[in-house]
Amino acid sequence: MGNKETNEKTPIDRNIHTQYDEENDNIETGAFPVIRRRVHKLGVSKSGRPLTHALIVLLCALLSFGYVIQLNNKTSTYETMSEEELTRLIGETSTQVQNLERRKSELTSQLNSLQLSADKQKEAERIASQNAQTSGLLSGRLPAEGKGVVITVDRGSKAPVDAATMFQLLEELRNAGVEVMSLNGVRVVTSTYLADAKGGLECDGKILKPPYTVKAIGDQQNLQNAVNIAGGVGSRLKVKFGSSVTVDASDNVEINETSSPRQFRYAQTVE
Amino acid sequence: MAAVLGLLIGLILGAFVKPDIPIVLQPYLPIMVVAALDALLGAARAYFERSFSDKVFVISFVSNVLTATLLVLLGNQLGVGSQLQTAVIVVLGIRIFSNVSAIRRFLFRG
(Lines give C-alpha, C1' and ligand atoms only; values in the text may rest on other atoms or scores of the structure.)
Protein backbone atom coordinates (compact mmCIF):
# COMPACT_ATOMS: atom_id res chain seq x y z
CA MET A 1 0.00 0.00 0.00
CA GLY A 2 2.63 2.51 1.09
CA ASN A 3 4.92 1.52 -1.79
CA LYS A 4 2.30 2.35 -4.31
CA GLU A 5 1.78 5.78 -2.90
CA THR A 6 5.47 6.64 -2.93
CA ASN A 7 5.68 6.02 -6.68
CA GLU A 8 5.81 9.07 -8.91
CA LYS A 9 2.43 10.05 -10.20
CA THR A 10 1.56 10.09 -13.87
CA PRO A 11 -2.04 10.52 -15.01
CA ILE A 12 -2.24 6.78 -15.61
CA ASP A 13 -0.94 6.05 -12.16
CA ARG A 14 -3.53 8.26 -10.69
CA ASN A 15 -6.29 6.26 -12.21
CA ILE A 16 -4.74 3.14 -10.79
CA HIS A 17 -4.48 4.83 -7.41
CA THR A 18 -8.08 5.83 -7.47
CA GLN A 19 -8.87 2.24 -8.05
CA TYR A 20 -6.66 1.18 -5.14
CA ASP A 21 -8.12 3.89 -2.92
CA GLU A 22 -11.52 2.60 -3.57
CA GLU A 23 -10.41 -0.79 -2.43
CA ASN A 24 -8.61 0.59 0.58
CA ASP A 25 -11.45 2.82 1.67
CA ASN A 26 -13.90 0.03 1.48
CA ILE A 27 -14.84 -0.65 5.06
CA GLU A 28 -17.65 -3.04 4.44
CA THR A 29 -17.38 -5.92 6.82
CA GLY A 30 -17.21 -9.29 5.26
CA ALA A 31 -19.92 -10.54 7.51
CA PHE A 32 -22.46 -8.02 6.36
CA PRO A 33 -22.03 -7.58 2.61
CA VAL A 34 -23.89 -4.73 1.04
CA ILE A 35 -26.38 -5.90 -1.49
CA ARG A 36 -25.09 -4.88 -4.87
CA ARG A 37 -27.41 -2.98 -7.06
CA ARG A 38 -27.91 -4.59 -10.34
CA VAL A 39 -26.63 -2.52 -13.18
CA HIS A 40 -29.48 -1.22 -15.23
CA LYS A 41 -30.05 1.12 -18.03
CA LEU A 42 -29.67 4.78 -17.34
CA GLY A 43 -32.65 7.07 -17.56
CA VAL A 44 -35.26 4.52 -16.69
CA SER A 45 -35.47 5.57 -13.08
CA LYS A 46 -35.51 9.26 -13.90
CA SER A 47 -38.41 9.01 -16.26
CA GLY A 48 -41.74 9.60 -14.58
CA ARG A 49 -43.02 6.88 -12.37
CA PRO A 50 -45.23 8.94 -10.14
CA LEU A 51 -46.08 6.15 -7.75
CA THR A 52 -42.48 5.42 -6.80
CA HIS A 53 -41.74 9.12 -6.54
CA ALA A 54 -44.58 9.48 -4.12
CA LEU A 55 -43.29 6.49 -2.24
CA ILE A 56 -39.83 8.03 -1.96
CA VAL A 57 -41.33 11.23 -0.64
CA LEU A 58 -43.44 9.26 1.81
CA LEU A 59 -40.54 7.19 3.07
CA CYS A 60 -38.25 10.16 3.50
CA ALA A 61 -41.04 12.00 5.25
CA LEU A 62 -41.47 9.01 7.55
CA LEU A 63 -37.76 9.00 8.30
CA SER A 64 -37.55 12.64 9.28
CA PHE A 65 -40.90 12.43 11.02
CA GLY A 66 -39.66 9.61 13.21
CA TYR A 67 -36.43 11.47 13.81
CA VAL A 68 -38.18 14.59 15.03
CA ILE A 69 -40.58 12.61 17.17
CA GLN A 70 -37.69 10.79 18.76
CA LEU A 71 -35.98 14.12 19.36
CA ASN A 72 -39.05 15.50 21.06
CA ASN A 73 -39.52 12.35 23.05
CA LYS A 74 -37.40 13.56 25.94
CA THR A 75 -39.36 11.77 28.61
CA SER A 76 -37.50 8.53 28.69
CA THR A 77 -40.21 6.61 30.41
CA TYR A 78 -39.41 3.74 32.66
CA GLU A 79 -42.10 1.69 30.97
CA THR A 80 -39.89 1.01 27.96
CA MET A 81 -36.92 -0.09 30.03
CA SER A 82 -36.07 -3.71 30.33
CA GLU A 83 -36.06 -5.50 33.64
CA GLU A 84 -32.31 -5.50 34.08
CA GLU A 85 -32.08 -1.84 33.22
CA LEU A 86 -34.64 -1.11 35.89
CA THR A 87 -32.77 -3.29 38.38
CA ARG A 88 -29.54 -1.50 37.62
CA LEU A 89 -31.29 1.84 37.95
CA ILE A 90 -32.72 0.86 41.33
CA GLY A 91 -29.31 -0.32 42.47
CA GLU A 92 -27.66 2.91 41.41
CA THR A 93 -30.35 4.97 43.03
CA SER A 94 -30.17 3.09 46.31
CA THR A 95 -26.37 3.42 46.33
CA GLN A 96 -26.80 7.11 45.78
CA VAL A 97 -29.36 7.28 48.56
CA GLN A 98 -26.96 5.49 50.90
CA ASN A 99 -24.18 7.89 50.01
CA LEU A 100 -26.43 10.85 50.62
CA GLU A 101 -27.62 9.41 53.92
CA ARG A 102 -24.04 8.93 55.05
CA ARG A 103 -23.21 12.45 53.99
CA LYS A 104 -26.24 13.72 55.84
CA SER A 105 -25.29 11.97 59.07
CA GLU A 106 -21.77 13.32 58.76
CA LEU A 107 -23.07 16.82 58.34
CA THR A 108 -25.53 16.37 61.18
CA SER A 109 -22.82 15.30 63.59
CA GLN A 110 -20.71 18.19 62.43
CA LEU A 111 -23.60 20.54 63.02
CA ASN A 112 -24.16 19.06 66.48
CA SER A 113 -20.54 19.49 67.47
CA LEU A 114 -20.57 23.03 66.17
CA GLN A 115 -23.71 23.82 68.13
CA LEU A 116 -22.19 22.23 71.21
CA SER A 117 -19.04 24.30 70.92
CA ALA A 118 -21.12 27.41 70.27
CA ASP A 119 -23.10 26.70 73.44
CA LYS A 120 -19.90 26.13 75.35
CA GLN A 121 -18.51 29.37 74.06
CA LYS A 122 -21.65 31.24 75.03
CA GLU A 123 -21.49 29.74 78.50
CA ALA A 124 -17.84 30.67 78.79
CA GLU A 125 -18.68 34.19 77.70
CA ARG A 126 -21.42 34.41 80.30
CA ILE A 127 -19.10 33.21 83.05
CA ALA A 128 -16.39 35.55 81.86
CA SER A 129 -18.67 38.58 81.96
CA GLN A 130 -19.92 37.52 85.36
CA ASN A 131 -16.36 37.14 86.54
CA ALA A 132 -15.47 40.50 85.09
CA GLN A 133 -18.32 42.11 87.00
CA THR A 134 -17.51 40.36 90.23
CA SER A 135 -13.83 41.03 90.09
CA GLY A 136 -14.48 44.56 88.95
CA LEU A 137 -16.52 45.16 92.08
CA LEU A 138 -14.02 43.36 94.27
CA SER A 139 -11.02 45.18 92.93
CA GLY A 140 -12.83 48.51 92.96
CA ARG A 141 -12.60 48.94 89.23
CA LEU A 142 -16.38 49.43 88.84
CA PRO A 143 -18.66 51.87 90.66
CA ALA A 144 -21.44 50.24 92.66
CA GLU A 145 -24.78 51.01 94.19
CA GLY A 146 -27.30 49.15 96.30
CA LYS A 147 -28.75 48.65 99.74
CA GLY A 148 -26.39 49.46 102.55
CA VAL A 149 -25.52 51.83 105.35
CA VAL A 150 -23.73 55.13 105.70
CA ILE A 151 -21.69 55.39 108.89
CA THR A 152 -20.52 58.77 110.11
CA VAL A 153 -17.80 59.00 112.73
CA ASP A 154 -17.27 62.47 114.16
CA ARG A 155 -14.05 63.94 115.36
CA GLY A 156 -13.34 62.42 118.75
CA SER A 157 -13.88 64.76 121.65
CA LYS A 158 -11.41 62.90 123.87
CA ALA A 159 -8.79 61.92 121.37
CA PRO A 160 -8.49 61.77 117.55
CA VAL A 161 -9.68 58.51 116.08
CA ASP A 162 -6.66 56.36 115.39
CA ALA A 163 -6.02 54.17 112.40
CA ALA A 164 -6.23 50.89 114.29
CA THR A 165 -9.77 51.56 115.49
CA MET A 166 -10.87 52.78 112.10
CA PHE A 167 -9.35 49.69 110.54
CA GLN A 168 -11.18 47.61 113.10
CA LEU A 169 -14.43 49.26 112.00
CA LEU A 170 -13.69 48.32 108.42
CA GLU A 171 -12.82 44.77 109.43
CA GLU A 172 -16.03 44.46 111.40
CA LEU A 173 -17.96 45.56 108.37
CA ARG A 174 -16.08 43.02 106.27
CA ASN A 175 -16.94 40.31 108.74
CA ALA A 176 -20.56 41.37 108.47
CA GLY A 177 -20.43 40.64 104.79
CA VAL A 178 -19.99 44.04 103.23
CA GLU A 179 -19.62 43.87 99.49
CA VAL A 180 -18.36 47.28 98.50
CA MET A 181 -17.32 50.14 100.74
CA SER A 182 -15.56 53.44 100.67
CA LEU A 183 -14.06 55.69 103.28
CA ASN A 184 -14.24 59.45 102.73
CA GLY A 185 -14.06 59.09 99.00
CA VAL A 186 -11.48 56.31 98.94
CA ARG A 187 -12.61 52.97 97.65
CA VAL A 188 -11.71 50.33 100.19
CA VAL A 189 -10.33 47.21 98.54
CA THR A 190 -8.23 44.33 99.80
CA SER A 191 -5.00 46.24 99.54
CA THR A 192 -6.27 49.40 101.20
CA TYR A 193 -4.20 50.45 104.17
CA LEU A 194 -4.82 52.92 106.95
CA ALA A 195 -2.19 54.82 108.88
CA ASP A 196 -2.18 57.61 111.40
CA ALA A 197 -1.35 61.01 110.00
CA LYS A 198 -1.18 64.53 111.25
CA GLY A 199 -4.70 65.79 111.84
CA GLY A 200 -6.34 62.67 110.55
CA LEU A 201 -5.70 59.38 108.78
CA GLU A 202 -3.79 58.36 105.70
CA CYS A 203 -5.60 55.95 103.48
CA ASP A 204 -4.01 54.73 100.24
CA GLY A 205 -1.85 57.83 100.07
CA LYS A 206 -4.68 60.30 100.76
CA ILE A 207 -5.00 62.32 103.90
CA LEU A 208 -8.48 62.01 105.39
CA LYS A 209 -9.90 64.54 107.80
CA PRO A 210 -12.71 63.88 110.24
CA PRO A 211 -15.63 63.44 110.17
CA TYR A 212 -15.17 60.07 108.56
CA THR A 213 -17.93 58.73 106.38
CA VAL A 214 -17.99 55.06 105.60
CA LYS A 215 -20.34 54.01 102.82
CA ALA A 216 -20.95 50.29 102.81
CA ILE A 217 -23.13 48.14 100.54
CA GLY A 218 -24.38 44.93 102.06
CA ASP A 219 -27.04 43.48 104.30
CA GLN A 220 -28.28 46.51 106.26
CA GLN A 221 -29.20 44.59 109.40
CA ASN A 222 -25.89 42.79 109.59
CA LEU A 223 -23.90 45.95 108.99
CA GLN A 224 -25.81 47.91 111.60
CA ASN A 225 -25.37 45.12 114.10
CA ALA A 226 -21.66 44.93 113.35
CA VAL A 227 -21.24 48.55 114.35
CA ASN A 228 -23.75 48.86 117.15
CA ILE A 229 -23.17 45.55 118.87
CA ALA A 230 -22.54 45.96 122.58
CA GLY A 231 -18.82 46.12 123.27
CA GLY A 232 -18.17 46.41 119.61
CA VAL A 233 -16.26 48.95 117.60
CA GLY A 234 -19.06 51.50 117.81
CA SER A 235 -19.08 51.63 121.58
CA ARG A 236 -15.28 51.63 121.60
CA LEU A 237 -15.30 54.74 119.40
CA LYS A 238 -17.82 56.40 121.66
CA VAL A 239 -16.17 55.42 124.88
CA LYS A 240 -12.51 55.69 124.03
CA PHE A 241 -12.50 58.62 121.61
CA GLY A 242 -15.73 60.37 122.54
CA SER A 243 -16.88 60.54 118.93
CA SER A 244 -20.46 60.06 117.94
CA VAL A 245 -21.22 57.25 115.54
CA THR A 246 -24.35 57.32 113.45
CA VAL A 247 -25.44 54.49 111.25
CA ASP A 248 -28.02 55.35 108.60
CA ALA A 249 -29.54 52.60 106.58
CA SER A 250 -30.16 53.60 102.99
CA ASP A 251 -31.78 51.72 100.17
CA ASN A 252 -29.55 53.33 97.61
CA VAL A 253 -25.97 53.78 98.64
CA GLU A 254 -23.92 54.96 95.70
CA ILE A 255 -20.21 54.38 95.67
CA ASN A 256 -18.78 56.10 92.64
CA GLU A 257 -15.21 56.07 93.81
CA THR A 258 -13.03 53.59 92.02
CA SER A 259 -9.52 52.47 92.66
CA SER A 260 -7.16 51.98 89.80
CA PRO A 261 -6.17 48.34 89.42
CA ARG A 262 -2.84 47.38 90.83
CA GLN A 263 0.07 46.54 88.65
CA PHE A 264 1.47 43.27 89.86
CA ARG A 265 5.23 43.16 89.72
CA TYR A 266 5.96 39.82 91.30
CA ALA A 267 2.80 37.80 91.30
CA GLN A 268 1.98 35.89 88.16
CA THR A 269 -0.96 33.70 87.46
CA VAL A 270 -0.31 30.00 87.28
CA GLU A 271 -1.08 28.69 83.87
CA MET B 1 -35.77 16.37 -5.57
CA ALA B 2 -38.26 13.99 -4.09
CA ALA B 3 -36.12 12.80 -1.16
CA VAL B 4 -35.30 16.31 0.08
CA LEU B 5 -38.91 17.33 -0.31
CA GLY B 6 -40.01 14.32 1.69
CA LEU B 7 -37.46 15.02 4.44
CA LEU B 8 -38.68 18.60 4.74
CA ILE B 9 -42.29 17.54 4.88
CA GLY B 10 -41.48 15.02 7.59
CA LEU B 11 -39.51 17.55 9.65
CA ILE B 12 -42.28 20.11 9.53
CA LEU B 13 -44.91 17.50 10.25
CA GLY B 14 -42.95 16.14 13.19
CA ALA B 15 -42.33 19.63 14.57
CA PHE B 16 -45.98 20.63 14.53
CA VAL B 17 -47.83 17.40 15.06
CA LYS B 18 -46.75 15.80 18.27
CA PRO B 19 -48.29 12.39 18.38
CA ASP B 20 -47.95 9.99 21.25
CA ILE B 21 -45.77 7.15 20.16
CA PRO B 22 -47.31 3.85 21.15
CA ILE B 23 -45.36 2.36 24.01
CA VAL B 24 -44.91 -0.86 22.08
CA LEU B 25 -43.15 1.08 19.35
CA GLN B 26 -41.07 3.33 21.55
CA PRO B 27 -37.93 1.19 21.94
CA TYR B 28 -37.81 0.53 18.19
CA LEU B 29 -38.17 4.06 16.88
CA PRO B 30 -34.49 5.03 17.22
CA ILE B 31 -33.43 1.84 15.47
CA MET B 32 -35.94 2.47 12.72
CA VAL B 33 -34.64 5.98 12.23
CA VAL B 34 -31.04 4.81 11.96
CA ALA B 35 -31.97 2.03 9.55
CA ALA B 36 -33.90 4.45 7.38
CA LEU B 37 -30.95 6.83 7.44
CA ASP B 38 -28.72 4.03 6.22
CA ALA B 39 -31.12 3.26 3.37
CA LEU B 40 -31.26 6.93 2.43
CA LEU B 41 -27.46 7.21 2.32
CA GLY B 42 -27.27 4.02 0.26
CA ALA B 43 -29.69 5.59 -2.18
CA ALA B 44 -27.58 8.74 -2.32
CA ARG B 45 -24.54 6.66 -3.06
CA ALA B 46 -26.40 4.83 -5.82
CA TYR B 47 -27.52 8.15 -7.21
CA PHE B 48 -23.93 9.30 -7.51
CA GLU B 49 -22.96 5.98 -9.03
CA ARG B 50 -25.73 6.54 -11.56
CA SER B 51 -27.27 3.25 -10.64
CA PHE B 52 -30.10 4.63 -8.54
CA SER B 53 -33.29 2.68 -8.80
CA ASP B 54 -36.33 3.93 -6.98
CA LYS B 55 -37.73 0.46 -6.67
CA VAL B 56 -34.56 -0.78 -5.03
CA PHE B 57 -34.57 2.24 -2.76
CA VAL B 58 -38.12 1.68 -1.60
CA ILE B 59 -37.55 -1.98 -1.02
CA SER B 60 -34.23 -1.47 0.75
CA PHE B 61 -35.74 1.26 2.90
CA VAL B 62 -38.63 -0.88 4.05
CA SER B 63 -36.58 -4.02 4.45
CA ASN B 64 -33.87 -2.16 6.38
CA VAL B 65 -36.35 -0.76 8.84
CA LEU B 66 -38.22 -4.01 9.16
CA THR B 67 -35.11 -6.12 9.62
CA ALA B 68 -33.66 -3.80 12.23
CA THR B 69 -36.92 -3.68 14.15
CA LEU B 70 -37.49 -7.39 13.99
CA LEU B 71 -33.95 -8.09 15.08
CA VAL B 72 -34.33 -5.90 18.13
CA LEU B 73 -37.74 -7.39 18.81
CA LEU B 74 -36.22 -10.82 18.66
CA GLY B 75 -33.44 -9.71 20.95
CA ASN B 76 -35.97 -8.36 23.42
CA GLN B 77 -37.81 -11.61 23.41
CA LEU B 78 -34.60 -13.56 23.95
CA GLY B 79 -33.50 -11.24 26.72
CA VAL B 80 -30.54 -9.80 24.83
CA GLY B 81 -32.41 -6.75 23.58
CA SER B 82 -29.92 -4.11 24.53
CA GLN B 83 -26.93 -6.07 23.19
CA LEU B 84 -28.63 -6.79 19.90
CA GLN B 85 -29.72 -3.20 19.65
CA THR B 86 -26.09 -2.19 20.04
CA ALA B 87 -25.09 -4.70 17.39
CA VAL B 88 -27.63 -3.38 14.94
CA ILE B 89 -26.59 0.19 15.59
CA VAL B 90 -22.92 -0.72 15.09
CA VAL B 91 -23.57 -2.48 11.80
CA LEU B 92 -25.77 0.30 10.52
CA GLY B 93 -23.16 2.79 11.62
CA ILE B 94 -20.46 0.95 9.66
CA ARG B 95 -22.68 0.93 6.61
CA ILE B 96 -23.44 4.61 6.98
CA PHE B 97 -19.73 5.34 7.15
CA SER B 98 -18.95 3.27 4.06
CA ASN B 99 -21.77 4.93 2.15
CA VAL B 100 -20.57 8.36 3.17
CA SER B 101 -17.02 7.54 2.11
CA ALA B 102 -18.31 6.36 -1.26
CA ILE B 103 -20.28 9.55 -1.69
CA ARG B 104 -17.24 11.54 -0.69
CA ARG B 105 -15.19 9.79 -3.38
CA PHE B 106 -17.75 10.73 -5.98
CA LEU B 107 -17.95 14.32 -4.85
CA PHE B 108 -14.19 14.88 -4.60
CA ARG B 109 -13.02 12.66 -7.38
CA GLY B 110 -10.64 15.37 -8.41
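In this predicted model, Val180(A) stands opposite Ile217(A) of strand E7(A), and the strands concerned, E2 (residues 180–183) and E7 (residues 212–217) of chain A, run antiparallel and are joined by four bridges. E2(A) also pairs in the antiparallel sense with strand E3 (residues 186–188) of chain A, over three bridges, and here Met181(A) has Val188(A) as its bridge partner. Two residues lie between the strands in the hairpin of E2(A) and E3(A), where Asn184(A) takes a positive phi near 50°.

In a regular strand, side chains alternate between the two faces of the sheet. For E2(A), Val180(A) and Ser182(A) lie on one side and Met181(A) and Leu183(A) on the other, and all four of these residues are buried, so that both faces of the strand are covered.

Chains A and B meet through a pair of helices: the axes of H3(A), residues 50–72, and H3(B), residues 54–78, come within 10 Å and cross at roughly 30°, the crossing being left-handed. Among the residues in contact are Leu55(A), Ile56(A) and Leu59(A) from H3(A), and Phe57(B), Val58(B) and Phe61(B) from H3(B). The residues of this contact divide into nine nonpolar, one polar and one charged.

For chain B, an unreviewed UniProt entry lists residues 27–44, 56–75 and 87–107 under "transmembrane region". Two of these spans are described below.

| Span in chain B | Helix and strand content | Distance between end C-alpha atoms |
|---|---|---|
| residues 56–75 | 100% helix, 0% strand | 28 Å |
| residues 87–107 | 100% helix, 0% strand | 30 Å |

Terms used:
Residues are numbered from 1 along each chain as its sequence is written. Chains are lettered from A and ligands numbered from 1 in the order in which they are written. This is a predicted model: local features need pLDDT of at least 70, side-chain atom pairs count only at pLDDT 80 or more; totals for chains, interfaces and linings use all residues. Side-chain values use heavy atoms; hydrogens and water are left out. Axes are lines fitted to C-alpha atoms, for helices over the stretch in contact, and angles run from 0 to 180 degrees between N-to-C directions. A crossing is left-handed if the near helix is turned anticlockwise from the far one by less than a right angle, and right-handed if clockwise. Contact means heavy atoms within 4.5 Å. Ala, Val, Leu, Ile, Met, Phe, Trp, Tyr, Cys and Pro count as nonpolar, Asp, Glu, Lys and Arg as charged, and the others, Gly among them, as polar. UniProt positions are given in the numbering used here, feature names are shortened, and annotations may be inferred rather than shown by experiment. Buried means under 20% relative accessible area, exposed over 50%, partly exposed in between (1.4 Å probe, protein chains only). Two strands pair if DSSP finds at least two bridges between them.
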